[in-house]
Structures are given as C-alpha cells and as structure tokens.
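Colleague: Could you walk me through a few spots in this model before I look at it in detail?
Modeller: Gladly, and please keep in mind throughout that this is a predicted model.

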Amino acid sequence: MHISRRAVAAAAVLATVLPLSACGGGSGSDSSDASGKVEGKITFQTWNLQANFKDYFNGVIADFEKKYPGTEVKWVDRPGEGYADKISADAAGGTLPDVVNVSPDLVAPLAKAGLALDLDKAAPQYRKEYLDGAWKSHQIPGTEGTYAFPWYLNTGPMFYNKRLFKDAGLDPQKPPTTYDEVFADGLKLAEKSHGKVATLANVPTIEDFGRYGGQLMNKEGTGFAFNDAKGVELLTHYKELYDAKALDPQALTATPESSGHKFLTESVAMNPGSALDLANFKKQAPSLYKNIGITDQVSSTGKANMYVMGVTVNAQSKRKPAAVAFAHYVTDAARQMEFAKQVAIFPSTAGSLDDPYFTKEDGTDETRVRVAAAKSLKTAVNYTPVLFSEQMKTELRNQIAKALQGKQSPKEALDNAVKACDRLLQQS
C-alpha cells in the first residue's frame with residue numbers, strides 16, 4: 001500500500017530494508033529482568049528522524065531526564081539507507097544501542113540472536129496501554145514473547161473514481177470493500193469501457209493474501225503457507241482481471257508513483273493513498289477531485305493492514321531499567337499524540353484514536369482521510385510476516401508476474417514462491 005510520500009520520507013514508515021544477517025545466537029535474552037532503579041547513561045537510536053524532528057526528540061529526552069534524575073540519554077540518528085546493515089553490524093560487534101527504533105522485520109533476527117528484550121517477561125504491565133494488533137506486530141512465529149514497544153502506525157484508505165463507477169452502471173455510493181466485490185466490479189468496469197478502464201494498478205502483495213483471509217505462515221514460523229487454497233484463489237482472480245484488462249497491463253512493473261499517476265489520469269478506478277494525494281488531485285486533476293470517493297481498504301477479513309514502527313530494548317544493556325523506562329516513555333500515549341500532530345502518522349496507544357483529532361472532520365481533505373484511516377486502525381493487523389524480507393517480496397512478485405503472463409499456473413507460481421521464500425528463511 002502506498003502511503004503519503006511526506007510520511008515515508010519523514011518517518012521511514014515504508015523504508016526499504018535489507019534482511020539482517022545477525023541470525024546466530026540463541027533464542028531469547030540473557031536476562032528478562034528489568035527491575036531496579038532507573039538511572040545511568042543510555043543510547044537511543046532512531047531511523048532517519050533527526051532532520052525533521054530534532055526539537056521534538058530533544059524535548060522528550062529533556063522531560064525524561066527531569067522525571068528520572070540521574071539518567072542521561074544520548075540520541076543518535078541513522079540515515080534510512082543502510083539502516084538494516086548498520087543494526088546488523090552493531091549486533092554482531094556488540095555495539096547495539098540500549099534503545100533502538102525498529103520495524104518488525106528488523107526485530108526478528110535481533111530476538112533470535114538474544115539481543116531483543118522480551119517485554120512480555122520484562123515489562124508485561126505496559127501491554128494494556130497499546131492496541132492489541134500493534135503489540136502483536138513485534139511477536140515472532142514459533143517464538144514466545146514480544147520484542148518491541150509499538151510506536152507509530154500508518155495506513156491509508158482506498159480512493160475510487162465515482163464517475164467511472166457510474167459510467168459502468170455501478171453504484172458510486174457503494175464502492176467494493178471486499179476482494180470478491182472488487183473482482184466482480186472490476187470485470188464490469190473493464191467490459192463497459194472496452195478495456196480502457198482498469199480497476200487496480202498493482203499486482204497482489206503479501207498483505208493482499210493476508211487481507212483475503214489466507215494463511216501466510218505455518219504456526220511454528222518455520223515455513224510460508226500463502227500457497228494454500230485461499231492464496232491460489234486470490235491469484236486466479238487477479239489473472240482473470242489481468243486477462244480482461246481490469247488489472248492495468250503495466251501492473252507487473254508498477255511503482256506506487258506510477259499507479260498513482262494512472263489513477264490521476266482516470267485510467268484506473270481505485271488506488272490506495274493518503275491526505276497528501278488528495279491535495280495533489282485537487283491541484284493537478286480537478287475533474288478527478290470532483291468525483292473522488294474515499295472508502296476503507298479492501299479486505300475480506302474485515303480488518304485493514306497497518307504498517308508499524310517499534311522501539312526495542314537491547315537485552316544485553318547494562319542499564320536495562322533505564323532503557324525499558326525510556327522505550328516506554330517515548331511510546332506512551334502523551335508522547336505519541338504529540339508526535340502524531342507533527343507528521344501524518346497514528347499512535348499505537350489504546351484510546352488515542354478516539355481523540356477528536358482523529359474522529360472529527362472539519363471539512364478539509366486532510367481530516368477526511370485522517371478520520372477514515374484512524375477508524376480502520378483500531379482493529380488493523382500488520383499482515384506482513386515479521387520474517388518476510390525484501391528478497392522474499394521480490395521472489396513473490398516475480399512468480400506472480402509469470403502467473404499473470406500465463407507462463408505458469410497460479411498454483412505453480414505460489415508453490416515456487418513459497419519454496420524460494422522458505423529457502424531464504426532457512427539461510428537467515
């Protein structure tokens with residue numbers, strides 16, 4: 001799913017990360033005991049946030065040090081590019097900071113190497129403060145425990161073109177919200193427009209298999225399972241769309257920018273997006289803007305997909321009480337709410353999304369999208385498995401392309417993708 005470019009650049013919500021190589025070591029941490037006095041000097045590492053949020057973080061650190069006299073927080077910020085490699089090198093060299101900004105896929109190898117503190121053991125009292133789906137996003141299949149505090153979330157609604165729906169004889173007030181509805185409406189849109197209007201501009205990703213209701217991994221976390229009956233069914237439907245030109249012919253090589261452009265030029269009827277996209281439509285495509293509809297993400301499970309960032313504590317930190325206290329402090333409801341008002345992100349703390357900032361529209365495009373996204377986040381799930389690396393995403397995409405082109409069946413494509421991903425999983 002494509003999220004606002006500003007949020008991506010500023011908050012690295014969807015930063016492309018490489019798989020970590022620090023997979024050695026045992027499971028779990030040396031000690032899950034984080035009790036004791038909150039004191040001493042700790043290091044806090046963020047991911048590409050200093051340029052835009054220097055004052056915010058300096059303020060958080062100053063407030064924390066005031067609350068806990070005798071503590072000192074050293075803040076380091078690393079660029080988005082090469083962040084995964086930097087964490088991997090620090091993990092291998094024993095120089096991992098006490099508190100580290102991570103995404104779920106970066107937590108898994110740290111936990112396996114015994115470097116991520118299990119919060120279910122060390123700080124269970126905090127769990128109830130966070131949304132259930134956000135807390136669970138830093139759990140690893142086949143392993144007990146939760147290895148990071150959830151921090152900020154992101155998601156986006158689905159935009160659709162009411163005029164294109166109306167022209168095809170579909171009700172513009174009732175956009176499709178499940179995959180089955182998208183497939184049915186997509187074939188009608190393509191037929192009525194003689195193949196000139198596609199419904200979607202992207203091939204399915206791992207999140208689509210999750211939102212369709214398929215199983216993504218086995219329960220032990222030792223292998224992938226998106227080649228189950230549901231997965232094959234989903235890809236078969238996408239092949240039907242592709243053959244009918246209801247899936248844009250360039251979907252095989254599409255980027256979020258290129259699919260956004262297709263929607264802008266009204267050759268695609270639906271596209272995920274953000275408040276910034278809406279402002280862009282208003283400026284660049286007034287006729288589209290006049291006919292824009294906003295609906296929930298397509299999902300057959302009733303739950304949207306969320307992207308989540310977290311804050312992990314180094315299980316081998318010499319100042320564990322201070323590290324846990326700071327990781328919790330930077331992700332608590334008050335701090336998250338303040339941060340969410342500075343950038344287009346959402347808090348992962350329970351109750352925060354009920355704040356009028358996320359529930360009341362004031363007629364602006366920004367609040368229309370913010371309110372729609374916040375509503376879906378309350379029950380959203382991070383469908384991307386924490387063990388699913390960038391290389392695995394590429395394998396899946398390549399096999400899906402072959403299936404859509406008719407070079408192999410949907411079943412063969414997904415079997416091959418699972419085989420390739422399982423092989424990469426064993427190597428990690």
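**A glutamine and its surroundings**

Colleague: Let's start with Q399: buried or exposed?
Modeller: Q399 has a relative accessible area of 10%, and because the cut-off for buried is under 20%, Q399 counts as buried.

Colleague: Where does Q399 sit, and which residues does it touch, leaving out those up to four places away in sequence?
Modeller: Q399 belongs to helix α18, which covers residues 390–404, and with those sequence neighbours set aside it touches Q408, A413, N416 and A417. With Q408 there is also a side-chain to side-chain polar contact of 2.6 Å.

Colleague: Staying with α18, how do the axes of α10 and α18 cross?
Modeller: The axes of α18 and α10 (residues 229–243) come within 9 Å and cross at roughly 55°, so the two helices are oblique to each other, and their crossing is right-handed. On the α10 side the contact is made by L235, Y238, K239, Y242 and D243, and on the α18 side by I400, A403 and L404. Sorted by class, that contact has six nonpolar residues, two charged and no polar ones.

Colleague: Switching topic, how many residues of α4 are buried?
Modeller: Seven of the nine residues in α4 (residues 104–112) are buried, which leaves the helix mostly covered; the buried ones are P104, L106, V107, A108, P109, L110 and A111.

Colleague: And what covers them?
Modeller: The cover includes the strands β1 (40–47), β3 (99–102) and β8 (307–313), together with helix α3 (83–93). Just after α4, G114 adopts a positive phi of about 75°.

Note on methods:
Residues are numbered from 1 along each chain as its sequence is written. This is a predicted model: local features need pLDDT of at least 70, side-chain atom pairs count only at pLDDT 80 or more; totals for chains, interfaces and linings use all residues. Side-chain values use heavy atoms; hydrogens and water are left out. Buried means under 20% relative accessible area, exposed over 50%, partly exposed in between (1.4 Å probe, protein chains only). A polar contact is a pair of N or O atoms within 3.5 Å; within protein, one must be able to donate a hydrogen and the other to accept it, and residues adjacent in sequence count only if both atoms are side-chain atoms. Contact means heavy atoms within 4.5 Å. Axes are lines fitted to C-alpha atoms, for helices over the stretch in contact, and angles run from 0 to 180 degrees between N-to-C directions. Angles under 35 degrees count as roughly parallel, over 145 as roughly antiparallel, 65 to 115 as roughly perpendicular and the rest as oblique. A crossing is left-handed if the near helix is turned anticlockwise from the far one by less than a right angle, and right-handed if clockwise. Ala, Val, Leu, Ile, Met, Phe, Trp, Tyr, Cys and Pro count as nonpolar, Asp, Glu, Lys and Arg as charged, and the others, Gly among them, as polar.
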